[in-house]
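Hi everyone, thanks for coming. I'd like to walk you through one structure today, so please keep the picture in view while I talk.

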Amino acid sequence: MSWLDRDEQQRRDRFLYGGARQRFTLCRAALRSVLCRELDCRNEHLAFEASEHNKPSATVRGRPAPISFNVSHSGRHGLIALAPGGRVGVDVEERVPHPNLDELIAAVMGPNERSELAAAPRPRRLHLFFNLWTMKEALSKAHGMGLSMDVARFEIPQAMREGSASGCFRFADTPDVAWRLHNISTEEFAAAVAHSPDRQ
Ligand SMILES: CC(C)(COP(=O)(O)OP(=O)(O)OC[C@H]1O[C@@H](n2cnc3c(N)ncnc32)[C@H](O)[C@@H]1OP(=O)(O)O)[C@@H](O)C(=O)NCCC(=O)NCCS
């Protein structure tokens with residue numbers, strides 16, 4: 001707890017539930033620990049700024065740190081990605097049953113993704129949904145817009161929908177920017193990392 005700065009401690013105090021508060025604290029302390037190690041700086045010199053869509057970036061003694069990172073947490077899992085530059089995004093989701101899975105699929109998946117999920121038997125559908133969802137969220141978080149982006153408007157590359165662990169992705173409006181996408185899911189949780197060396 002003592003590693004967190006005043007803003008983070010205030011954020012921490014706003015969590016209503018002890019579990020969420022504890023997970024936020026642990027995740028921030030872990031993030032600070034890996035960033036201090038990578039940047040070779042003291043914790044009190046490390047601070048965070050947020051973009052217009054709230055994507056955090058690091059500063060050391062008030063200057064932008066030469067590192068990109070992104071964080072995700074779900075239940076008892078946390079995930080931190082670091083990259084030497086460019087933009088990176090991660091997402092992790094525990095594979096818990098969702099009461100309105102079909103409505104969710106209709107809202108966030110593209111046409112090919114929807115028909116492939118509809119053809120999958122129920123338990124498999126949930127599994128595939130989480131894999132696709134974390135890849136979409138990792139891309140939207142790497143981009144920086146997060147879920148203010150309409151993730152139903154793009155689809156995960158077909159080879160990755162069919163099981164490839166990594167692939168290349170391009171948003172239709174920025175075809176010059178190539179994103180490397182990795183599906184790092186296990187049976188217990190779904191997780192993905194997206195990275196582009198491009199800053200813009
Ligand atoms: C970021 C977002 C995708 C989080 O989804 P989630 O599944 O609930 O949470 P995750 O655990 O995967 O990720 C949360 C982490 O993502 C990071 N994050 C927040 N906003 C982000 C963004 N726009 N892009 C990338 N990362 C972001 C933060 O580090 C956050 O963790 P922390 O607050 O503990 O540091 C979603 O809340 C979002 O889209 N936010 C942006 C909303 C927006 O545009 N707001 C406008 C300004 S008010």
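The helices (H or I, at least four residues) and strands (E, at least two) are DSSP runs, numbered from the N terminus. With that in hand, here's an example: L181 has A194 in β9 as its bridge partner.

Now two housekeeping sentences. Residues are numbered from 1 along each chain as its sequence is written. This is a predicted model, where local features need pLDDT of at least 70, side-chain atom pairs count only at pLDDT 80 or more, and totals for chains, interfaces and linings use all residues.

Okay, the four-stranded sheet. The sheet is open, its 4 strands come in the order β6-β9-β8-β7, and the pairing is antiparallel. At the edges sit β6 (87-94) and β7 (166-169), each pairing on one side only. From one strand to the next, the twist averages 20 degrees. For angles, axes are lines fitted to C-alpha atoms, for helices over the stretch in contact, and angles run from 0 to 180 degrees between N-to-C directions.

Let's go through the pairs. β6 is joined to β9 (residues 189-196) by 8 bridges, and these two run antiparallel. In that pair, V92 stands opposite A191 of β9. Then β8 and β9 pair antiparallel over 4 bridges, and they form a hairpin with 5 residues between them. β7 and β8 also pair antiparallel over 4 bridges, with F169 having W179 in β8 as its bridge partner.

What packs on this sheet? Helix α5 (residues 122-143) does, touching β6, β7, β8 (179-183) and β9, and its direction makes about 150 degrees with that of β6. Touching here is about contact: two residues are in contact if their C-beta atoms, placed from the backbone, lie within 7 Å.

Next, who's inside and who's outside. A residue is buried if 20 or more other C-beta atoms lie within 10 Å of its own, exposed if 12 or fewer, and partly exposed in between, with C-beta atoms placed from the backbone.

In the loop between β8 and β9 you'll find E188. Is E188 buried or exposed? E188 is exposed, because it has 10 other C-beta atoms within 10 Å. E188 and E93 are 95 residues apart in sequence, but 9.2 Å apart in space, C-alpha to C-alpha.

On to the core. A nonpolar core is a set of buried Ala, Val, Leu, Ile, Met, Phe, Trp, Tyr and Cys residues joined through C-beta atoms within 7 Å. The largest one here has 31 residues, and M135, A138, L139, L181, A192 and A194 have the most contacts inside it. At least two residues of this core come from each of α2 (18-39), β5 (77-83), β6, α5, β8 and β9. Which element gives the largest share? That's α5, with 8 residues. In soluble globular proteins, nonpolar side chains tend to be buried together.

α5 has a helix partner too. Helix α3 (residues 101-108) and α5 pack at an angle of about 35 degrees, with their axes 12 Å apart. The contact is made by L101, I105 and V108 of α3, and by R125, L126, F129, W133 and K136 of α5. Those residues divide into 6 nonpolar, no polar and 2 charged.

Strand β2 (residues 56-60) pairs with β3 over 2 bridges, and T59 stands opposite P64 in β3.

Last stop: backbone angles. Most residues other than glycine have a negative phi. R61, though not a glycine, has a positive phi of about 50 degrees. R61 lies in the loop between β2 and β3, and counts as exposed because it has 11 C-beta neighbours inside 10 Å. D40 also has a positive phi, near 55 degrees, and sits in the loop between α2 and β1. D40 counts as exposed because it has 7 C-beta neighbours inside 10 Å.

Terms used:
Pairing = 2+ DSSP bridges. Nonpolar A, V, L, I, M, F, W, Y, C, P; charged D, E, K, R; others polar.
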